[in-house]
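Trainee: Could you walk me through how to read this entry? I would like to begin with its contacts.

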Amino acid sequence: FYTLSRILVLKRVTPRKIKNILKGFAYNNSQITLKKWFFKILDINPWCLIFNKMKITVFGTGYVGLVQAAVLSEIGHDVCCVDTDKQKINKLKKGVVQIYEPGLPTLIKNNTQNGKIFFTSSAKKGVNFGEVQFIAVGTPQDSDGSADLTYVLKVAETIAAFMEDEKIIIIKSTVPVGTAHK
């Protein structure tokens with residue numbers, strides 16, 4: 001909501017216009033999706049939100065990583081998904097999504113066909129592809145109840161080993177405060 005309100009201020013949308021749009025949404029909610037409603041409020045084409053098309057790499061193709069990658073590709077970014085599970089990568093290349101998320105298989109299929117998202121098990125290819133690197137790998141519970149950061153730290157080391165220029169690294173995995181300093 002905070003981001004939405006900031007965008008509304010930037011677009012100078014009047015409260016009256018918002019009220020009219022919300023009123024229309026309430027009566028026609030079966031015919032209008034939340035995405036269309038959002039862009040109707042902004043009174044812009046959704047592609048205008050992409051200021052710079054980026055090349056993005058997402059490490060991890062589980063619930064967090066795959067959904068994030070699909071959404072980023074849907075709004076126009078080029079996305080490379082990296083996972084060590086070669087069978088999962090081969091299935092994703094064929095459009096087979098092994099997790100349940102409404103609409104996800106369609107996003108993956110469409111954006112794979114459009115060349116906006118692709119899948120690989122090559123970490124080097126992933127690191128060299130993206131200017132932005134998302135770490136979205138598992139953080140299972142350790143024996144003492146804390147988050148096991150082994151996979152997160154391994155991906156960070158892999159990015160460091162293969163990067164040839166500056167990268168923006170975003171940890172999307174659930175991690176404790178201070179993990180980025182490691």
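Mentor: Happy to! A contact means heavy atoms within 4.5 Å. In the protein, among contacts between residues at least 6 apart in sequence, 67% join residues at least 24 apart. Keep in mind that this is a predicted model, where local features need pLDDT of at least 70, side-chain atom pairs count only at pLDDT 80 or more, and totals for chains, interfaces and linings use all residues. Residues are numbered from 1 along each chain as its sequence is written, and side-chain values use heavy atoms, with hydrogens and water left out.

Trainee: How many helices and strands does the protein have?

Mentor: Helices (H or I, at least four residues) and strands (E, at least two) are DSSP runs, numbered from the N terminus. Here there are eight helices and five strands, and their order from the N terminus is α-α-α-β-α-β-α-α-β-α-β-α-β.

Trainee: What percentage of the residues count as buried?

Mentor: Buried means under 20% relative accessible area, exposed over 50%, and partly exposed in between, using a 1.4 Å probe and protein chains only. Of the 182 residues of the protein, 35% are buried. The protein exposes about 11,800 Å², of which carbon and sulfur atoms supply 55%.

Technical notes: Areas by Shrake-Rupley, 256 points an atom, 1.4 Å probe, with all protein chains shown as cover.
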